[in-house]
Amino acid sequence: MIITQKYNSAADIDPEFIPDLEKLLSDCVPSFEMIKQNEQKADDSTHFAYYLFFGQKTNAPIGFAQININIEKDKSKKTFFSRFKKKPLEMATLNWSMPGCLKEGIIFDPQYIQHACPKAQSIFEEYQQREDVKEQELLFSSAYTDLTKLTQESSSDFVAESLVKNRDSYQDYMQSLSSNSQKDIRSAWKEIQANSLGDYEHFKEAFAYKTEGSDQYKNWKSETKVQTYLELGCPIEYLTVENKDKVLAMVFFFEGRSGNAFYDIIFSEISDLAGHQLAILKFFEKNQLHRLHYLGEKKVAGELIDLGFTKREQFRVKAQKVLQ
């Protein structure tokens, strides 16, 4: 039997559940703080629902779901007579997804999938029966294919999942790639080596003693993504390609839970391939890390798969109502 606990804010989730949630989501987000920050920085029209799933044999959550609820405000022109009319129902569009590298809306401990999927399906169906729900969209991995039965409108796609450390060194990793990929990577390293490399423990340090550093620091620190990353509360290294005038590229490199690492290319005046290689080299330098995940929005699956990332099939189902 699977039971659920619903929360309307990630901040309300019991602190005792957070370590187990971070373990459950260890290949999705660097820390649970990313989910909290995503909520805090959302606009006023977006609300949230979070579900923790529990089995009978443990008090630790065995599943997690996040639903982003967008409320459509009434934009009709107000008149004197409109005050006497029945207020129109505010319709909601529900998107089951969470921040991080996979964006999927539900995650279960693999041994509970068979029992947890029907519970998730019942929650989806309950929302669909509500008068104020206009549409739902759910993104999930191929491990939960039973959820495609929720609607006839479904599609699938492949995304890059993670780089698994199955080689002893960065050089061995390079040699495992195709000759074309190796050639492209060597070109990226020439681009990097034409400048200087930096590796910093603190964000502000990367901009010190550079002609344009002060302006870069102020501009980048104001970016929402940067603010989110700086508040995650997990170890971060700031990898740069730079010269005496400015930072040419910066990669945020995070150490997460259970041997997982994450990175994002924050800014680059050189090729993105160079940024990927900075992160991959750092990944191979740290023996305690086993899987590397890319957090960036520009996740072109083919490019990352060519760099050795595994491939993951995702399904997307959508249920819409025909409104009268």
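Among contacts in the protein chain between residues at least 6 apart in sequence, 72% join residues at least 24 apart, a contact being heavy atoms within 4.5 Å. This is a predicted model, in which local features need pLDDT of at least 70 and side-chain atom pairs count only at pLDDT 80 or more, while totals for chains, interfaces and linings use all residues. Residues are numbered from 1 along each chain as its sequence is written, and side-chain values use heavy atoms, with hydrogens and water left out.

**Overall build**

- The protein chain holds 9 helices and 14 strands; these are DSSP runs numbered from the N terminus, with helices being H or I of at least four residues and strands E of at least two.
- Its C-alpha trace spans about 70 × 55 × 40 Å along the principal axes.
- Of the 324 residues, 49% count as buried, where buried means under 20% relative accessible area, exposed means over 50%, and partly exposed is in between (1.4 Å probe, protein chains only).
- The accessible surface comes to about 17,200 Å², and 46% of that belongs to carbon and sulfur atoms; such areas come from the Shrake-Rupley method with a 1.4 Å probe, and for residues only the protein chains shown count as cover.

**Nonpolar cores**

- The largest nonpolar core has 40 residues, and Ile 13 and Phe 64 touch the most other members; a core here is a set of buried Ala, Val, Leu, Ile, Met, Phe, Trp, Tyr and Cys residues joined through side-chain atoms within 4.5 Å.
- Elements that give two or more residues to this core include the helices α1 (18-24) and α2 (33-40), along with the strands β10 (236-242) and β11 (247-255).
- A second, separate core has 32 residues, among them Tyr 170, Tyr 173, Ile 265 and Leu 292.
- In soluble globular proteins, nonpolar side chains tend to be buried together.

**Charges and salt bridges**

- The chain carries 41 positive and 48 negative side chains, and the centres of the two sets lie 4 Å apart. Lys and Arg count as positive and Asp and Glu as negative, with His and the chain ends not counted; each charge is placed at NZ of Lys, CZ of Arg, CG of Asp or CD of Glu.
- The count comes to 18 salt bridges, each defined by a side-chain nitrogen of Lys or Arg within 4 Å of a carboxyl oxygen of Asp or Glu.
- Arg 316 and Glu 137 meet in one of them (2.8 Å, N to O). This pair links strand β14 (residues 311-320) with strand β6 (residues 133-141), and its partners are 179 residues apart. Arg 316 is partly exposed at 36% relative accessibility, whereas Glu 137 is buried at 15%.
- Lys 225 and Asp 264 form another, at 3.0 Å from N to O. Lys 225 lies in helix α7 and Asp 264 in strand β12 (residues 260-268), so the pair ties together parts that are 39 residues apart in sequence. Asp 264 is buried at 1% relative accessibility, while Lys 225 is partly exposed at 33%.
- Glu 237 and Lys 282 also pair up, with their closest N and O atoms 3.1 Å apart. Glu 237 sits in strand β10 and Lys 282 in helix α8 (residues 272-285), 45 residues apart. Glu 237 is buried at 16% relative accessible area, and Lys 282 is buried at 11%.
- Through shared partners, salt bridges join Asp 199, Glu 237, Glu 255, Lys 282, Glu 285 and Lys 286 into one network.

**A loop residue to look at**

- Ser 176 lies in the loop between α4 (170-175) and α5 (179-193), and Ser 176 is partly exposed at 36% relative accessible area.
- The C-alpha atoms of Ser 176 and Val 164 are separated by 13 Å, with the two residues 12 apart along the chain.
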